[in-house]
Amino acid sequence: MSVRVIEKKMEDVMEIMRHPDQVRNVGTLAHVDHGKTTTSDSLLMGAGLLSPKVAGKALALDYVEIEQLRQMTVKAANISLYFEYGGKPYLINFIDTPGHVDFTGHVTRSLRVMDGALVVVDSVEGVMTQTETVVRQAMEELVRPVLFINKIDRLIKELRLSPNEIMQRIVSIVKDFNGLIDMYAPPEFKDKWKISVDKGQVALGSALAKWGITIPMAAKAGIKFSNIIDAYEKDAVGELAQEFPLHVTLLTMLIEHTPPPNVAQRYRIPKIWKGDLNSDIGKALLEADPNGPTVIAVSKVNKDPHAGLIATGRVFSGTIHEGDELFVLGTKVQKRILQTYLYMGPNRVIVPAVSAGNIVALLGIDEARAGDTIVAPQIREIPPFEKLRYISEPVVTVAIEPKNPNDLAKIVEALRDLVIEDPTLSLKIDEETGQVLLSGVGTLHLEIATWMLKERTKLDFVVSQPLVRFRETVRVKSQVFEGKSPNKHNKLYISVEPLDETTIGLVQMGDVTEDMDAKERARILRDKAGWDADEARGIWAIDETYVNILIDKTSGIQHLREIKDYIVQGFRWSTGAGPLAQEPVRGVKVVLHDATIHEDPAHRGPAQIMPAAKNAMFAAMISAKPTLLEPLLLLEAKTTSENIGPVTSVITRHRGRIIDVSQSEYMVTVKGEIPVIESFNLSDELRSAASGRVFWSLQFSRWAPVPESILTDLVMKVRERKGLPKEMPKVEDYINAL
């Protein structure tokens, strides 16, 4: 990719940035292998950033080496495209996002800075599970979609459809797609955002052959599907690409049918920012005002081997200049910006300033993380943007052990950088054994992460077989248990009970958070989840990672305020590794009923209070029918009717459950759920069962109790793996009941 070409346009780009109506912030969304990155290559070619000879094969935005090797996108890549339309120049800040479910965290982060989405769908496979997932994510962030139906050549060459049948297939895909918008869009956008073939909101074409057309374009040019079929039969597809270049069709569609930032922010800001919209800052955010105070949402952080950490984000208000001071709301750190950049795929181009409505890369603010809000120091008291909500959790773990023990520190440092770049990875270092555990969304996620670790460190290490992370929970309400501090001078009286699914959903969706106004939180829990108002007002802490809540129901306890923080720390310590198998605790309400506290502060420090809280909590959990929760995956498999039996038998053999079987014009779709622990060899078995005539997708579905018949055996296996005593824990191990 030539930097010379980029710099030639840079003065034009700087001028366009100052006119929000000539800016679009968009990205690709799709199921894996539906052709997003090949599509992006055509757009780069159109913007003069890639040679026409290699577009479609270059995968220019897959610039991480393993992406080229695996022919798939594992990161979100940014690029700013220059395009002239209707006699006016436009700047299109474009993001190519991954399609594989293991990398949906990158999609979540990218959507925060996008206003429009180019959803790419394979004409044969149609709308798949992951298409549904990314559209749902887009609707949650109020990102408006348009559709590109790719690989039209498959309908012609593989399925040999007639022009009429091709049209029916397109109508069917558009209907399915609009069904997703109907399902997931907020009420005020359901009808407005449904796509129309007649309005030119659907493009048809082939990213590999570099042609694309909309129905209005075809009508204007007098082109019919029979002409397209003829072009393929006469080997004249090159002429199609010359007459209807894909990049012109797609960029035109994006400019016409996705909103500029000053329009999008009027409806997006109320959704993603809970501050006062009538304040000066609120008005600047709604209008994407380049003269307002600087407010930036960080979407990703990358480690540059030469420069250090680079934070990428959307400027929602103000203009950021090289040398400006910025304040990170989360970590409360103030730093000077050393350089401001625009992204050009793997290249960053230094620019003096970036104004509201555009995407910027910043050097110098090392403390920023994906999801953070960074602002001008004088407005440091404003609320941050809403937290990013990831739909997948890190449920698969590997242990990483350096071959040379002296390399451990370097490996841990590199892993910490990877977790900064990809917050859906989770790193845990066992203090007792020194074991390094890396958790990810799936096996591919971890495979890519360990490959990148190898590339960066050039060190030798051993990676264990993948293990599944479970969660611990309770099934009934416990009695109250007494937890004594080690010095016996302090006593805490605690019970536990399961949280209801409505409350768990409110915490997961961010409707109920630890740092929100207590009265507002109590009102939501009372109205939406049927909580008692007094109990809701007594919430002390919410563990948003694993979804647990600590409540104070005491009254008039002396010195309780002084030890509140220690009890909260004990609660977090205990939910991080439960009593059954030291797996994280999920969906548990912990209630403090009473306490006896020593009057001398020397006798009531954290070393006394935290174990008292843990002992009472664990005793209560053991008495409340504890169980393990396992992660389930939603599986969607498409195959031919004759292979339906073999495919369903593979699923049921792996403790899977069939939810739905539906027949479309060309194939049968099977939907089901399968435990993650049963999914590791699924690929080979499905291919073998269907003689290769099956394609499928897996994505995180939910947590579910493991079957009672295997619970004890499973707990024992996990305990043995962790070096814990080979017996089920008892209440007496922690405390005596009242």
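**Rings, a hairpin and a helix face**

Phe189 is buried, and Trp193 is buried as well, where buried means under 20% relative accessible area, exposed means over 50% and partly exposed lies in between, with a 1.4 Å probe and protein chains only. This is a predicted model, in which local features need pLDDT of at least 70 and side-chain atom pairs count only at pLDDT 80 or more, while totals for chains, interfaces and linings use all residues. Residues are numbered from 1 along each chain as its sequence is written, and side-chain values use heavy atoms, with hydrogens and water left out.

The structure holds seven aromatic pairs; rings of Phe, Tyr and Trp (its six-membered ring) pair if their centres lie within 6.5 Å, and planes under 30 degrees apart count as stacked, over 60 as edge-to-face and the rest as tilted. One of these pairs joins Phe189 and Trp193, which are stacked at 4.4 Å centre to centre with 25 degrees between the planes. Trp193 also pairs with Tyr267, edge-to-face, at 5.8 Å centre to centre and 65 degrees between the planes. Because Trp193 lies in the loop between helix H7 (163–184) and strand E6 (202–206), and Tyr267 in helix H12 (residues 261–272), this pair ties together parts that are 74 residues apart in sequence. Helices (H or I, at least four residues) and strands (E, at least two) are DSSP runs, numbered from the N terminus. Through such ring pairs, Phe189, Trp193 and Tyr267 are linked into a cluster.

Strand E24 (residues 481–484) and strand E25 (residues 491–498) pair in the antiparallel sense over four bridges, pairing being assigned if DSSP finds at least two bridges between two strands. Lys484 has Lys491, in E25, as its bridge partner, and six residues lie between the strands of this hairpin, where Lys488 takes a positive phi near 65 degrees.

An α-helix has 3.6 residues a turn, so residues three or four places apart point the same way. Just after H21, Arg655 takes a positive phi of about 60 degrees.
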